[in-house]
Amino acid sequence: MNTPKFKKFNIEAYKPGKSKINKIKKVIKLSANESALGMSPLAKKAISQKNLVLDKYPDGKSTNLKMAISKAYKCNFDKIICGAGSDEVIQMLCQLYLHPNDEVIVPQYSFLMYRIYAKIVGAKVVFAKENNFKVSIEEILKKVSKKTKIVFIANPNNPTGTYLTKKETLELRRKLNRNILLVIDDAYSEYMKNDDYSSGLELFKNKDNVFILRTFSKMFGLASLRIGWGYGSKQIIRALNVIKPPFNVNGLAQVAAAESLKDKQFIQKSIRHNLNYANRLKKFLEKYNIFSNAVSANFLLLNFDDCKYSANFLYQKLKNKGIILRSTEDGYHVKNKLRLTIGSSRENLIFMNAVRKIFN
Ligand SMILES: *Cc1c(COP(=O)(O)O)cnc(C)c1O
């Protein structure tokens, strides 16, 4: 029997950071930038309660969660949309904005989901070169054409760990044609303590031609619940609500996310933990001539060009010991580098011991 014909896509499917190794039961997963400290105890308590109603559809508008977001970030309730991960918000934006043959610009080594969702709706993805693994404003502007509809950047970017400063981000918006939507993905902004950095949300709360993406998957530790949000002009939000799947965000995610925002103590602890270990791991790896980006988010992009071992060699050796890093060859096509997520204290110590053993 024939399978009825479906559309063909010229897309490299997203391969997530690996989480399993054959025959090893307890792996240490440092491959997907998940939270080192798990989720907030307040959130955990809230979703462990017995009287949670899960046999009814959730609130399709995520009203309580949007109220919590607007309070925590001092932003406008009517300009928020929640999604099953920021992933889904990226998808909806592409559906809303892109006709076949429209163009989107993404930096060369940017997060993969922008190009995947843009291509699914038939748009053309144009890559802007980077300078030494950092987004280049000039290169983005060079790629603008009459067909450009969206420019996507993650700030800081995954997997490079580099970021545009406040000044550069403002410059990008100023120089980019005002009819082009600038999407700034703040996925790692909670971790950022660098003086010259400002998040997209801080800079562009009132700009109708900037759309901000936020997620609960990283610092808030809710990756499995799939919850993120977008922030943009009321017009965009109204239109997104028309195409949004009616019950896109599950009830547990809504409760957990709203609770997470209240847990200021957990947030502070996560930020401190990350800064402390990111600096320690960076210094430690430099002893083996493995250099990385300046500390920014909850991961480091490790460069093996000066190291006596290759990225692949270390990847395999660590894997044999049950420790998984992210190869940047899959999807990103970045050679001889590995992305290391900052783990819990225990995970980081095991990682450092393993590296020491491999090199000695
Ligand atoms: C991890 C990540 C996200 C989060 O995706 P979710 O769908 O919210 O889990 C978004 N953008 C970037 C750049 C990321 O690294």
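1. Strand 3 (residues 103-107) pairs with strand 7 (residues 148-154) in the parallel sense over three bridges; two strands count as paired if DSSP finds at least two bridges between them. Glu103 has Thr148 of strand 7 as its bridge partner. Strands (E, at least two residues) and helices (H or I, at least four) are DSSP runs numbered from the N terminus.

2. This is a predicted model, in which local features need pLDDT of at least 70 and side-chain atom pairs count only at pLDDT 80 or more, while totals for chains, interfaces and linings use all residues. Residues are numbered from 1 along each chain as its sequence is written, and side-chain values use heavy atoms, with hydrogens and water left out.

3. Seven strands make up an open sheet with mixed pairing, in the order 2-10-9-8-7-3-4. Strand 2 (80-83) and strand 4 (124-128) are its edge strands, each pairing on one side only. From one strand to the next the twist averages 20 degrees.

4. Helix 6 (residues 166-175) lies across strand 7, strand 8 (181-185) and strand 9 (210-215), and runs at about 160 degrees to strand 8. Helix 8 (residues 234-243) also packs on the sheet, where it touches strand 2, strand 8, strand 9 and strand 10 (228-231). The direction of helix 8 makes about 35 degrees with that of strand 2. Axes are lines fitted to C-alpha atoms, for helices over the stretch in contact, and angles run from 0 to 180 degrees between N-to-C directions.

5. Another open sheet has four strands in the order 11-12-15-14, with antiparallel pairing. Strand 11 (291-292) and strand 14 (326-327) stand at the edges with a single partner strand each, so one side of each has no neighbour in the sheet. Strand 14 pairs with strand 15 (residues 337-341) over two bridges, and Arg326 stands opposite Arg339 in strand 15. Helix 10 (residues 264-286) lies across strand 11, strand 12 (299-303) and strand 15, at about 10 degrees to strand 12.

6. The axes of helix 2 (residues 63-72) and helix 9 (residues 251-262) come within 9 Å and cross at roughly 20 degrees. Helix 2 is therefore roughly parallel to helix 9, a term for angles under 35 degrees. Leu65, Ala68, Ile69 and Ala72 of helix 2 make the contact with Gln254, Ala257, Ala258 and Leu261 of helix 9.

7. Ser40 sits in the loop between strand 1 (28-29) and helix 1 (41-47). Leaving aside neighbours within four places in sequence, Ser40 is in contact with Phe220, Ser260, Asp263 and Phe266, contact meaning heavy atoms within 4.5 Å.

Note on methods
Angles under 35 degrees count as roughly parallel, over 145 as roughly antiparallel, 65 to 115 as roughly perpendicular and the rest as oblique.
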